[in-house]
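My entries follow the structure.

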Amino acid sequence: MRRKSIILLTVLVLSAFVFNPNVGNAGDFAIGTTLEDFSMPDTAGKTHSFNDLKGKNGSVIVFLSAQCPVVKGYNARINQIAADYESKGIKFIGINSNSTESLEWVKSDAAEVGYKFPLLIDKGNVLADKLGATVTPEAYYFDAKNVLKYHGAIDNDRSGKGITDNYLRTAFDAALNGKAIQKTRANAFGCSIKRLSEK
Amino acid sequence: MLNVVGKTILGGWLFATVFAIGIVAQKPIGTPNEGEVRKTAEASFRPQVKQIDAVTLGKLLQPHGKPLLINFWATWCDPCREEFPDLVKLNKEYSGKIDFITISLDELAEIDKDVPKFLFAMKADMPAYLLKTTEENDAISSVSKDWKGGLPFTILYNEKRDSVYTRQGKVKLDELRGKLNLLLGTVPAIQEVKH
């Protein structure tokens, strides 16, 4: 009987891998999950910890790219949002996880854009894997206790000309006013993060 | 009664008309010159890109008795452009056996510019669409619950619209061929394991 149960369990576990075509992308970090502290170098090689960079009312981890045209279209908006909410205690942390973008390239692009927040290098896409990040730009908003409150797109129009839903700002405003965030997940078209395994 | 001047004008006009008809009649009908032939051939291959919204996308996601392969791409996406020759090759290999469509996420202004220009350069003759919607989140979710919008994205549905293959990033041609062959029953399953 016990042997049969073990065989059945093994078949079920194997089936989950065989029949799930998306098993490689399944590492999603659910809303409500707490992110443990981590450390990562910036473009100058200086190491920062997440807890040192976060604001008193939370933080935003935003996955960026030096190459992605969608990120280029969002850079000014991201900088503006970061500036608008820094004084309200929410700080931004940029992450570059693209294995195809060299440090020099990322560094020169960051200087050109003039990011108003630290940009960290996620060598080996460790953080991207932990959070299940696959797109740039892709934002994760954590509260002061590092609990994930919102995950996804910044707004609903990458051109910036016809924005009708400012997902990230709306999430911040709700949280800062002690209200529940209505939309905790939103996707938008962007560039794929190029992982080390795909290089 | 026409006077002399009138007769001269009328005569001149008649002569000019007959002369013009003669020239036109001498030009062989149906044998355009080389430049015209080339232009006609290019025009006949010029890919037509149809604009769709989220509702039409929903309809396009329905297979019609064959496996349905869909590639989401954009001209601004480097890996999308890089993998396109492989997709064109795949389309030729499985012509008639599957339905294969491409959906561009370019800006609407590119629907008669860069998008058809690129498809023409690639000799891509699969049905081509451009999705324009303000509800990208809903559109993305309608394609696959596991997709977050990163391009390129390729999905293969079986005849019942079950997703049997998804890939964000460039497709791995052998892997996709294996899935297609398995679906079509053209290659024994054991052969696919070798890939």
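Which strands of chain B does helix α6 (residues 136-143) lie across? I found that α6(B) lies across β2, β4 (128-131) and β6 (153-157) of chain B. The helix runs at about 45° to β6(B). For such angles, axes are lines fitted to C-alpha atoms, for helices over the stretch in contact, and angles run from 0 to 180 degrees between N-to-C directions. Helices (H or I, at least four residues) and strands (E, at least two) are DSSP runs, numbered from the N terminus.

I noted the ground rules next. This is a predicted model, where local features need pLDDT of at least 70 and side-chain atom pairs count only at pLDDT 80 or more, while totals for chains, interfaces and linings use all residues. Residues are numbered from 1 along each chain as its sequence is written, chains are lettered from A and ligands numbered from 1 in the order in which they are written, and side-chain values use heavy atoms, with hydrogens and water left out.

**The sheet of chain B**

I traced an open sheet of six strands in chain B, in the order β1-β4-β3-β2-β6-β7. Its pairing is mixed; two strands pair if DSSP finds at least two bridges between them. At the edges I found β1 (49-52) and β7 (163-168) of chain B, each pairing on one side only. From one strand to the next, the twist averages 20°.

I then followed one pair. Six bridges join β2 (residues 68-73) and β3 (residues 99-104) of chain B in the parallel sense. Opposite Trp73(B) stands Ser104(B) in β3(B).

**Where the chains meet**

I looked up the contact (heavy atoms within 4.5 Å). It takes 28 residues from chain A and 25 residues from chain B. The buried area is about 2300 Å², and carbon and sulfur atoms give 44% of that. This is accessible area (1.4 Å probe) that two parts lose on being put together, summed over both.

I counted two salt bridges between the chains, each a side-chain nitrogen of Lys or Arg within 4 Å of a carboxyl oxygen of Asp or Glu. One of them joins Arg158(A) and Glu136(B) at 2.5 Å, N to O.

On chain A's side, α3 (69-86), β7 (138-142), β9 (185-186) and β10 (190-192) each supply at least two residues. β10(A) gives the most, with three residues.

I also saw β10(A) joined to β5 (residues 150-151) of chain B by two bridges, running parallel. There, Cys191(A) has Leu151(B) as its bridge partner.
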